Amino acid sequence: VNIFCNAEGIVVSADIESRSRLGMTHYTRVILDPLTLKVVKETCSCEGYTFNGKCWHIELLEKLINEKLKDRIETNLA
């Protein structure tokens with residue numbers, strides 16, 4: 001998991017392993033508003049996101065942010 005700030009906001013990204021293709025990972029990225037820590041943009045390299053605009057990789061990254069990364073994100077803001 002990588003966390004950094006840029007002009008878009010707080011970027012949280014990770015390579016998340018595919019459930020359907022063994023050994024394949026998908027680059028998943030969520031951008032958070034620095035003031036509210038709400039998601040303002042999300043992307044994923046998987047086919048599901050490409051065709052549907054949603055995927056479980058993004059859901060997993062958002063869950064990880066909410067459950068385990070809030071302190072680390074807030075530290076990056078300091």
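User: Leaving aside neighbours within four places in sequence, which residues is Ser-13 in contact with?

Analyst: This is a predicted model, where local features need pLDDT of at least 70, side-chain atom pairs count only at pLDDT 80 or more, and totals for chains, interfaces and linings use all residues. Residues are numbered from 1 along each chain as its sequence is written, and side-chain values use heavy atoms, with hydrogens and water left out. Contact means heavy atoms within 4.5 Å. On that rule, the partners of Ser-13 are Val-1, Asn-2, Tyr-27, Thr-28, Arg-29 and Leu-61.

User: Is Ser-13 buried or exposed?

Analyst: Buried means under 20% relative accessible area, exposed over 50%, partly exposed in between (1.4 Å probe, protein chains only). Ser-13 has a relative accessible area of 2%, so Ser-13 is buried.

User: How many bridges join β1 to β2?

Analyst: Two strands pair if DSSP finds at least two bridges between them. Strand β1 covers residues 2-6 and runs antiparallel to β2. A hairpin of 2 residues links β1 to β2. Phe-4 stands opposite Val-11 in β2, and the bridge count for β1 and β2 is 5.

User: Which residue in β3 does Val-11 stand opposite?

Analyst: β2 also pairs with strand β3, residues 25-32. That pairing is antiparallel, over 8 bridges. Within β3, the residue opposite Val-11 is Ile-31.

User: What is the relative accessibility of Cys-44 and of Cys-46?

Analyst: Both residues count as buried. Cys-44 is at 8%. Cys-46 is at 4%.

User: Which residue lies over the face of Trp-56?

Analyst: A charge sits over a ring if NZ of Lys or CZ of Arg is within 6 Å of the ring centre and within 35 degrees of the ring normal. At Trp-56, the distance from the ring centre is 4.1 Å. The residue over that face is Arg-19.

Note on methods:
Helix = DSSP H or I, 4+ residues; strand = E, 2+ residues; numbered from the N terminus.
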